[in-house]
Amino acid sequence: MLTDPMSELLTPKQVAQAIGVSESSLKRWCDRGLIETVKTPGGHRRMTAAGVMDFLRGRNQPLVRPELLGLPSNTGRTQRVLDRASDQFHSALAAGDEELCRQILLDLYLASHRLCEVFDLVFAPAYHRIGQRWQCREVEVYQERRGVEIGLRILGELRRLLPDLPSDAPSAFGGAWEGDPYQLPSALCELTLREAGWQATNLGSSLPASTLEAALAENRPRLFWLSVSALPDEDDFVEQLSRFSELAGASRTAVAVGGRALTESLRQRIGCSACCDNLQQLQSFAASLHPAANSQQDPRETNHERQDGPR
């Protein structure tokens, strides 16, 4: 059954109650363009959760009833610091506490931390520790698998909360190389680029070179990322990537490769536009290709431009 998109929109009353202001104040902010609104077929004003979150990022405006926005009940009520959040997120992940995991990441997002920083300094280290503990038999297989499912659901929620992109946003495609079953790294790439103003599409994991070439030929994106967390055959990868890079060059597509399987010796054997050690490097590389997209979506710049809004 298809979902009516209007049923997912928020009323002014819901949003006003969620952030603890009067409906008249909220409507004034909407009239000033501080909160994006849409109109129903009947002419009623509605807001998206993404638009409200974009408005709230980096502000001191409290969330009184975040559950009205579909968020965990304690969202926005605790201060999250990146260097401490990794331990908190890891503990919640190992315990299977999905609500706390959601709250930690959403609080960091509301605090205007860039997603690439959150992913590099909180998300990825927590999953790395879970993986190490699994290898040492300190956690069970089900805990590791459960953690992955929790992460995928939260990333899906963050994707829905990102602001809509303009129709002329540069396009990016990507996924994990054949034999690489890991889903999270490529999903992180997609969100990193979408926050940076790119119309990014994650194609998934364990993708044969032939289908990556088809995606390149049919879509001709400005950027193509390749995640390589696991490589069954390095020689085959080098050969296939060389062909892919040639095709990308003919399409004027930049290729960025990254992942824990990308060793220093392997880097010396491959040719691509960029080798990225983390998501902050990926975002920086993307910014070098299309600076306007990155500056348009930087939350810290956006909040500075809106400094005349409510305190």
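**Exercise 1. Locate S206 and describe its backbone and its accessibility.**

Solution. S206 lies in the loop between β4 and α9 (209–219). This placement refers to a predicted model. The next step is the backbone: S206 is not a glycine, yet its phi is positive, at about 50°. The last step is accessibility. S206 has 34% relative accessibility, so it counts as partly exposed.

**Exercise 2. Determine the strand order of the open sheet, and name its edge strands.**

Solution. Begin with the general principle. Pairing between the strands of a sheet is made through backbone hydrogen bonds, in a parallel or an antiparallel sense. In this model, five strands form an open sheet in the order β4-β3-β5-β6-β7, and the pairing is parallel. The edge strands, β4 (199–202) and β7 (274–276), each pair on one side only. On average, neighbouring strands of this sheet are turned by 20° against each other, direction ignored.

**Exercise 3. Describe the surroundings of strand β5: are its residues buried or exposed, and which strands pair with β5?**

Solution. Step one concerns burial. Strand β5 comprises residues 223–227, and five of its five residues are buried. Step two concerns the directions of the side chains. L223, W225 and S227 point one way from the strand, whereas F224 and L226 point the other way.

Step three concerns the partners. With strand β3 (residues 171–176), β5 pairs in the parallel sense over five bridges; here A172 stands opposite L223. With strand β6 (residues 254–258), β5 also runs parallel, joined by five bridges. On this side W225 stands opposite A256, and L226 stands opposite V257.

Together with helix α10 (residues 234–250), β5 and β6 make a right-handed β-α-β unit.

**Exercise 4. Classify the aromatic pairs F119–F123 and F224–F244, and state where their residues lie.**

Solution. The structure holds seven aromatic pairs. For F119 and F123, the ring centres are 5.8 Å apart and the planes are at 70°; the pair is therefore edge-to-face. Planes over 60 degrees apart count as edge-to-face. Both residues lie in helix α6 (residues 115–135), four residues apart, which is about one turn of the helix. F119 and F123 are both buried.

For F224 and F244, the centres lie 5.0 Å apart and the planes are at 75°, so this pair is edge-to-face. The pair links distant parts of the chain, since F224 is in strand β5 and F244 is in helix α10, 20 residues apart. Both F224 and F244 are buried. Finally, one aromatic cluster is formed by F89, F119, F123 and Y127.

**Exercise 5. Which rings have R57 and R145 over their faces?**

Solution. R57 lies over the face of Y109, at 3.8 Å from the ring centre. R145 lies over the face of W134, at 5.8 Å from the ring centre.

Conventions: Residues numbered from 1 in each chain as written. Predicted model: local features only at pLDDT ≥ 70, side-chain atom pairs only at ≥ 80, totals over all residues. Heavy atoms only, no water. Buried < 20%, exposed > 50% of the residue type's maximum accessible area, 1.4 Å probe, protein only. Helix = DSSP H or I, 4+ residues; strand = E, 2+ residues; numbered from the N terminus. Pairing = 2+ DSSP bridges. Right-handed = clockwise from strand over helix to strand, strands pointing away. Phe/Tyr/Trp six-rings, centres within 6.5 Å; stacked < 30°, edge-to-face > 60°. Lys NZ or Arg CZ within 6 Å of the ring centre and 35° of its normal. Axes fitted to C-alpha atoms, helices over the stretch in contact; angles between N-to-C directions.
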